[in-house]
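I am keeping these notes while I look through a structure, one topic at a time. Each entry records what I looked up and what I found.

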Amino acid sequence: MESTIEDRSPDSDVFLVFSSLPEGSVVEILKRTTPRDACRLSTLASVFRSAAESDAVWKSFLPPDYKEIVDRSLESSSQLHFSSKKELFFSLCDSPLLIDGGRKSFWLEKKSGKKCYMLAARELAIIWGDTPEYWTWPSLPESRFSEVAFLKRVCLFDVMGKIDTGMLSSRTKYAAYLVFDSRDSYGFEEVEVKSSVGIVGDEITEKIIYLDKDTSEEEVEDEAGYGYVSLEKVRSWINDTLTELYSSQEPGKELLGFEDVSAWMNNNLSRLHSSHEPQAPEDSTESTDGPYPKKRGDRWLEIELGEFFSGGENIELQISITQHDGHWKHGLIIEGIEIRPK
């Protein structure tokens, strides 16, 4: 008696659809996804699992210039030796590299592979920053950099950083964040601070932010984890892939009917997703960034300074924070300015 599609295991049916393709073709399919999608799909079937370990897949998720960036690191070559491109990718996500003499930090966003940077306080232009009466440069064990900027006392608070947008991932929306500590500061209580992000020589948009609110009780979003499968996204991906697969298939060699396979996958994905508890919430497009700082997972606070779009051109971007109301300020600690995809 001929078995029906419902009688087969999830792994075997997915394998039936894709097993006629050589592993190299499955690798090419995964290279067109994202690191997060590749990891999620590898849990659905062995045909994905094998291809998802390929160096070719993970090399495609690394920036084209990753070797040049790694060469700028303070780490020794022995510490940066990895057995696979996948291992290298996750190391660059989980362990930021200090580059350019320790004045910048580089890592990759885990879900997309996009480039992220932090400009150390020493890489910033700080008014009176070299005057010990106003600013000092201590070392803190919780900082990734060898020193941070400690505000002793100033009336004019003025901090500026610059970065070449050619260093960033192209066709990506970014935001810049001041990473700091204000627990022992004064002079910023309900005081408006101006921040701006824009191209040097072009019109720059300013916004008002505040540096004095402690948000230690707020929930910290886990940006490192991949979470569970998003049903709608995986369904859409599978349907698009199957459509492409069947449209390019030679006549008379159809493995299964498209409608049967699609319906079976949707049903089994529902069972797969419902078996995981608790389920992760759907991604929200609503931004929670406001004019007050929020607590990070690494002891520091951060406040968004502005956003911009990186188109891949070599353009100098300027980021600034200013407060010139004339009264004394004290106690703020600056680790740096972080630039990451938004």
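**Entry 1: a salt bridge and its network**

I began with Arg103, which is partly exposed, with a relative accessible area of 36%. I keep in mind throughout that this is a predicted model. Which residue does the side chain of Arg103 meet in a salt bridge? I found that the partner is Glu123, with a distance of 2.8 Å from N to O. Glu123 sits in the loop between strand E3 (115-120) and E4, while Arg103 sits in the loop between strand E1 (97-99) and strand E2 (104-108), so this pair ties together parts that are 20 residues apart in sequence. I then looked up the cover on Glu123 and noted that, at 25% relative accessibility, Glu123 counts as partly exposed.

Glu304 forms a salt bridge with Lys207, where the closest N and O atoms are 4.0 Å apart. This pair links distant parts of the chain, since Glu304 is in strand E12 and Lys207 is in strand E10 (residues 205-209), 97 residues apart. Lys207 itself is partly exposed, with a relative accessible area of 27%.

The side chain of Glu304 also meets that of Lys342 in a salt bridge, at 3.2 Å from N to O. Here too distant parts of the chain are linked, with Lys342 in the segment after strand E14 (333-341), 38 residues from Glu304. I recorded Lys342 as partly exposed, at 39% relative accessibility. Going back to the residues of my first entry, I noted that salt bridges with shared partners join Arg72, Asp100, Arg103, Lys104 and Glu123 into one network. For the whole chain, the count comes to 25 salt bridges.

**Entry 2: aromatic rings**

I looked up the aromatic pairs and found a count of 11. In one of them, the rings of Tyr174 and Phe308 have their centres 5.7 Å apart and their planes at 10°, so I noted this pair as stacked. Tyr174 lies in strand E8 (residues 172-181) and Phe308 in strand E12 (residues 301-310), so the pair ties together parts that are 134 residues apart in sequence. Tyr174 is buried, with a relative accessible area of 0%, and Phe308 is buried as well, with 10%.

I also noted one aromatic cluster, formed by Trp58, Phe61, Phe89 and Phe90. Two arginines have a charged end over a ring: that of Arg153 sits over Trp328, 3.9 Å from the ring centre, and that of Arg340 sits over Tyr177, 3.9 Å from the ring centre.

**Entry 3: cover and surface**

How many of the eight residues of helix H3 (residues 35-42) are buried? I found seven, so the helix is mostly covered, and Arg36 and Arg40 are among the buried ones. For the surface, I looked up a nonpolar patch of about 280 Å², which is made by Ile127, Trp128 and Leu156. Trp128 is found in the loop between strand E4 (125-126) and strand E5 (135-136), and this residue is partly exposed, with a relative accessible area of 45%.

**Entry 4: the whole chain**

Last, I noted that the secondary structure comes to nine helices and 14 strands, and that buried residues make up 45% of the 342 residues.

Notes:
Residues are numbered from 1 along each chain as its sequence is written. This is a predicted model: local features need pLDDT of at least 70, side-chain atom pairs count only at pLDDT 80 or more; totals for chains, interfaces and linings use all residues. Side-chain values use heavy atoms; hydrogens and water are left out. Patches are made of residues with over 30% relative accessible area and no salt bridge: like charges are joined within 9 Å, nonpolar side chains (Val, Leu, Ile, Met, Phe, Trp, Tyr) within 5 Å. Accessible areas come from the Shrake-Rupley method with a 1.4 Å probe; for residues, only the protein chains shown count as cover. Helices (H or I, at least four residues) and strands (E, at least two) are DSSP runs, numbered from the N terminus. Buried means under 20% relative accessible area, exposed over 50%, partly exposed in between (1.4 Å probe, protein chains only). Rings of Phe, Tyr and Trp (its six-membered ring) pair if their centres lie within 6.5 Å; planes under 30 degrees apart count as stacked, over 60 as edge-to-face and the rest as tilted. A charge sits over a ring if NZ of Lys or CZ of Arg is within 6 Å of the ring centre and within 35 degrees of the ring normal.
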